[in-house]
Amino acid sequence: MKNFALIGASGYIAPRHMKAIKDTGNQLDVCYDKNDSVGIIDSISPTSEFFTEFERFYNYAHQLKRSPSSKLDYVSVCSPNYLHHAHIAAGLRLGCDVICEKPLVPSIELLDDLKLIEEETGHRVFNILQLRHHQAILDLKEEVQTKARQGKYQVELTYITSRGKWYMESWKGDPRKSFGIATNIGVHFFDMLHFMFGKLVRNELYYYDDKKACGYLEYENATVPWFLSIDSNDLPASVAGKQTTYRSIIVDGKEIEFSQGFTDLHTISYQEILAGRGYGIEDARHCVETVSEIQQGRLLQPTDSTLHPFFN
Ligand code: AKG
């Protein structure tokens, strides 16, 4: 049984980490969040310590090192994106391996710095890249890898995950804290596309605002016009009013809808990490490169073949 700390315990995604820690038979010893709306802890790990000040959390975590049975093994990080680097570094320097939410960090410079801290501490950071564990995506990857074909796959990616007004009021709506929707949410499918279709060779951005973005990606094995939105008005008529998300990938005219099954993938991610098959810094590098280029916000003119049909 491994001992865990959790940083960012009051956030949207924290309960999935708490559940994953519990479901994998491990113990959540201590949680930290500057916000105290953390009653969820009682339903999963009622004996956990909880701190609202980072200094007290860090001091407590250090003291646990005194005994081999209480020493922390892992720190899980689900704080706001701009704090990931600092919290990962703190976890590694505590002598723990770290499991961090997406995006691991927003830039290659910070990724390289984490690599240095891994070397300095001898501990590792793992990134939750949950779409790599989604069955529909794994099936598609298998098909792409086994089917011989001429030329690139013609792919179209639509990713709508509607969010209410709270989103723009929260840190997620502040680009200095979330780095914008392409980094905060697009990172899921940028990673998935690389996982399936190889290296990115072209990255064009056509539109970008707080709630939607649109562009074109070309990989070694696929061309991909993409559309991303958190605005429910963008949901296609076929699902509007019935579901709040629409995650779809069309490959050579065949649609795969992967809206379902997204919420249960943290436990699988934890199982894989604990079994020594986690995704680390080098696995995250490609999508960090992709999002950091998009963050520069250079808008280009699309052509008919590179523009996603939802964009008008
Ligand atoms: C977020 O809201 O930060 C997400 O990662 C959501 C991803 C999704 O709904 O597809």
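On a 1 Å grid over the protein atoms alone, a pocket is an open set of points with protein on both sides within 12 Å along at least five of seven lines, while a cavity is a set where a 1.4 Å probe fits but cannot get out; lining residues have an atom within 4 Å of a point. Grid points are joined across faces, edges and corners, and a volume is the space filled by probe spheres set on the points. What you're looking at is a predicted model, where local features need pLDDT of at least 70, side-chain atom pairs count only at pLDDT 80 or more, and totals for chains, interfaces and linings use all residues. Residues are numbered from 1 along each chain as its sequence is written, and side-chain values use heavy atoms, with hydrogens and water left out.

Let's start with the largest pocket, which has a volume of about 780 Å³. It has 37 lining residues, and those closest to its centre are Tyr 12, Ile 13, Cys 78, Trp 171 and Lys 172. Where does the largest pocket lie? Domain 1 (3-127) and domain 2 (131-295) both give residues to its lining, so the pocket lies between them; the domain bounds come from an automatic or database domain assignment.

Helix H4 (84-93), strand E7 (153-161), helix H7 (166-169), helix H9 (181-197) and strand E11 (245-251) each supply at least two lining residues, with the largest share, 3 residues, coming from H9. By class, the lining has 13 nonpolar, 15 polar and 9 charged residues. Here Ala, Val, Leu, Ile, Met, Phe, Trp, Tyr, Cys and Pro count as nonpolar, Asp, Glu, Lys and Arg as charged, and the others, Gly among them, as polar.

Now for the ligand. Around it sit Lys 102, Tyr 159, Thr 161, Arg 163, Lys 172, Asn 184, His 188, Arg 247 and Phe 262, each with a heavy atom within 4 Å of it. For the side chain of His 188, the distance is 2.8 Å. Taken alone the ligand exposes 290 Å², and the protein buries 92% of that, with areas from the Shrake-Rupley method and a 1.4 Å probe.

The largest cavity has a volume of about 60 Å³, and its lining includes Lys 102 and His 188.

Finally, a few backbone details. Most residues other than glycine have a negative phi, and most peptide bonds are trans. The peptide bond from Lys 102 to Pro 103, however, is cis, with omega near -20 degrees; Pro 103 lies in the loop between strand E5 (97-100) and helix H5 (108-121). Phe 179, not a glycine, has a positive phi of about 70 degrees, and lies in the loop between helix H8 (175-178) and H9. Asp 252 has a positive phi of about 45 degrees, in the loop between E11 and strand E12 (254-257).

Conventions
Helices (H or I, at least four residues) and strands (E, at least two) are DSSP runs, numbered from the N terminus. A polar contact is a pair of N or O atoms within 3.5 Å; within protein, one must be able to donate a hydrogen and the other to accept it, and residues adjacent in sequence count only if both atoms are side-chain atoms.
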